[in-house]
Amino acid sequence: MTVVAAHAIRESLRRRVFAVVLVLSIVFLLLYAWGAGELLADVSGFEGNSFLVDAETVAGGTILGLAMFAILFLGAVLATFLTIGAVRGDADRGLLQPLIVRPLGRTAYLGGRLLAASAVSGAYVVVLFGACTILTGLAGWWPHRFVEPALGLAAAAAVIAALAVLGSVVFSSTANGIAVFMVFGAGLTAGLLGQIGEALNSETLDTISDIATWILPFEALYQDGLAALTADAGGTTEAIVTLGPFGGAQGAGAALWPFAAAYVAAVFAAAAALFGRRDL
Amino acid sequence: MAALDVQGLVKRYGAVEALAGVDLQVGEGRLVGLLGPNGAGKSTLVKIACGLVRATAGTVTVAGAPAGTLQARRRVGYLAELFRFPGWARADEVLALHQKLAGSDGGARERAELLDLVGLAGARDRRVEAMSKGMQQRLGLAQALVGSPPLLLLDEPTSALDPVGRRMVRAVLLELKERGHSVLLNSHLLSEVELVCDHVAIMRAGRVVTAGTPGELARPRGVEIETANGTRLYEGAGRDDAPRIVADLVAAGEQVYEVRLLRSTLEDVYVEAVS
């Protein structure tokens with residue numbers, strides 16, 4: 001499994017598309033640095049206002065929340081790209097057969113691919129989030145938590161990679177890409193629904209959102225991390241943060257991480273079982 | 001024990017029966033050629049033997065181990081008909097990866113030997129994407145030989161090669177035979193099979209319809225005699241009939257210049273078998 005993972009990591013780093021991702025990420029960071037700098041400079045004059053609002057927390061939490069949203073999307077693109085054709089796509093192109101006939105085991109092959117995609121996309125989102133956090137901090141605001149959001153993003157990327165691996169056993173590369181992004185979109189929509197429910201104090205919307213985000217736990221992990229950014233905010237500041245586009249998120253509790261791990265394991269087990277029965 | 005033993009092999013894809021009860025053996029150190037038109041089931045048979053496809057019925061064993069098991073795969077080297085290596089990888093890296101997967105401890109020396117064997121010694125550091133199709137096929141052959149597997153399953157190993165490349169592969173096959181490897185060679189090139197194989201099996205519609213050594217398959221077709229009055233063909237006559245025919249002609253006052261024994265070629269046998 002480690003041989004396949006190392007091979008897949010080498011492949012992901014040596015393909016031209018990685019250079020494209022790198023360049024786009026640098027462009028994203030430059031734009032983010034500019035935006036965060038301007039925003040936090042603008043709100044610095046609001047300190048000591050009569051509403052007791054911590055303007056920098058509202059602005060910083062919102063802009064870093066936006067960055068998390070973008071990073072989750074980029075991480076999802078990377079995780080999907082690395083696993084989109086892991087089985088059917090590579091089999092159709094003739095890349096898979098020479099590997100699978102080796103004394104390796106199909107489950108080990110699939111595990112290697114998932115491990116590599118999770119490692120690369122996880123490391124990517126952590127580095128990018130770390131860079132955004134530092135840029136936000138240099139501009140004047142540090143998030144209340146760093147580790148939870150960073151790990152949440154990495155775990156979300158792993159969940160998406162697992163779903164893409166499962167899809168790759170069943171669908172062709174193109175169909176799998178479409179399916180994964182539809183699932184990703186469904187998760188984000190559920191999250192937005194929850195934030196609307198939070199703002200409108202609608203229990204029904206909250207419940208629907210909760211169920212959907214647990215069915216697609218990458219969204220729950222993202223929301224959990226988002227909530228941790230401003231975990232220590234209280235009073236009026238918390239109320240205003242909650243009304244913002246990235247402020248309605250809530251921590252998912254201690255069960256989220258074991259659930260996410262079990263979810264990835266179950267998705268992987270389903271993929272391995274299907275792959276084991278597949279003719280190549 | 002046979003290197004590859006196929007008994008009553010059946011494979012169905014829905015309503016389509018790709019293999020309809022195939023029996024075939026590849027003895028140790030033997031080179032067996034598998035011939036047949038497109039859709040005859042040759043590639044399916046090879047894929048079942050290396051564990052890529054599951055059989056519907058029947059058994060396939062590799063040195064006694066059921067095909068597809070770890071034990072069987074440790075003994076098999078496989079070159080697929082349609083394969084590709086990652087374009088970014090260099091020839092040496094492809095072989096190094098397969099060494100790790102096959103558990104070969106041959107190291108750089110084995111890689112160099114294999115590249116040399118298939119005529120790619122100068123392309124060690126060339127990326128796959130910069131190789132011609134023929135070079136990639138040679139690299140595929142080298143990949144199949146990593147770890148020196150006792151049984152080689154080669155599916156159309158010369159389909160992308162020029163005549164010089166084909167000759168090189170023939171030499172490699174003979175070399176492998178000398179080293180004691182068993183080979184199942186799936187090919188459309190009759191001359192290639194005729195030149196290197198000990199045994200030939202011809203498939204049609206999922207069944208082996210003819211099998212034997214190239215010598216057994218090449219049956220007598222007649223005797224052709226050139227006389228002063230032209231060439232005469234005695235269809236169905238064999239080597240033992242030739243002296244009597246010549247004696248009769250001489251007795252009849254004919255002048256005999258040349259006697260030729262005609263034998264059917266593998267091509268004749270093949271066309272007859274698959275028609």
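Colleague: Hi! Of the contacts in chain A with a separation of 6 or more, what percentage comes from residues 24 or more positions apart?

Modeller: Hi! This is a predicted model, and in its chain A the figure is 81% for residues 24 or more positions apart, counted among contacts with a separation of 6 or more.

Colleague: Thanks. How many helices and strands does chain A have?

Modeller: Chain A has twelve helices and zero strands. Following the sequence, you read α-α-α-α-α-α-α-α-α-α-α-α.

Colleague: What does the C-alpha trace of chain A span along its principal axes?

Modeller: About 70 × 40 × 30 Å for chain A.

Colleague: What share of the residues of chain A counts as buried?

Modeller: For chain A it is 49% of the 280 residues.

Colleague: Let's zoom in on a helix pair. At what angle do α7 and α8 of chain A pack?

Modeller: Helix α7 (residues 147–170) of chain A packs against helix α8 (residues 173–200) of chain A at about 145 degrees, and their axes are 9 Å apart.

Colleague: Is the crossing of α7(A) and α8(A) left-handed or right-handed?

Modeller: The crossing of α7(A) and α8(A) is right-handed.

Colleague: Which residues make that contact?

Modeller: From α7(A) you have A:Ile160, A:Leu163, A:Ala164, A:Gly167 and A:Ser168. On the α8(A) side they are A:Asn176, A:Ala179, A:Val180, A:Val183 and A:Phe184. By class, the contact of α7(A) with α8(A) has seven nonpolar residues, three polar and no charged.

Colleague: Switching to the interface now. How many residues of chain B are in contact with chain A?

Modeller: 23 residues of chain B, and they meet 19 residues of chain A.

Colleague: Which elements of chain B supply at least two residues each to that side?

Modeller: They are α2 (70–73), β6 (76–79) and α3 (91–102) of chain B. The largest share of the side of chain B that touches chain A comes from α3(B), with five residues.

Colleague: How does that side of chain B divide by class?

Modeller: The side of chain B that touches chain A has 14 nonpolar residues, four polar and five charged.

Colleague: Last one: into which domains is chain B divided?

Modeller: Chain B has domain 1 (4–216) and domain 2 (218–265). The centres of domain 1 of chain B and domain 2 of chain B, taken over C-alpha atoms, are separated by 43 Å.

How values were computed
Residues are numbered from 1 along each chain as its sequence is written. Chains are lettered from A and ligands numbered from 1 in the order in which they are written. This is a predicted model: local features need pLDDT of at least 70, side-chain atom pairs count only at pLDDT 80 or more; totals for chains, interfaces and linings use all residues. Two residues are in contact if their C-beta atoms, placed from the backbone, lie within 7 Å. Helices (H or I, at least four residues) and strands (E, at least two) are DSSP runs, numbered from the N terminus. Ala, Val, Leu, Ile, Met, Phe, Trp, Tyr, Cys and Pro count as nonpolar, Asp, Glu, Lys and Arg as charged, and the others, Gly among them, as polar. Domain bounds come from an automatic or database domain assignment. A residue is buried if 20 or more other C-beta atoms lie within 10 Å of its own, exposed if 12 or fewer, and partly exposed in between; C-beta atoms are placed from the backbone. Axes are lines fitted to C-alpha atoms, for helices over the stretch in contact, and angles run from 0 to 180 degrees between N-to-C directions. A crossing is left-handed if the near helix is turned anticlockwise from the far one by less than a right angle, and right-handed if clockwise.
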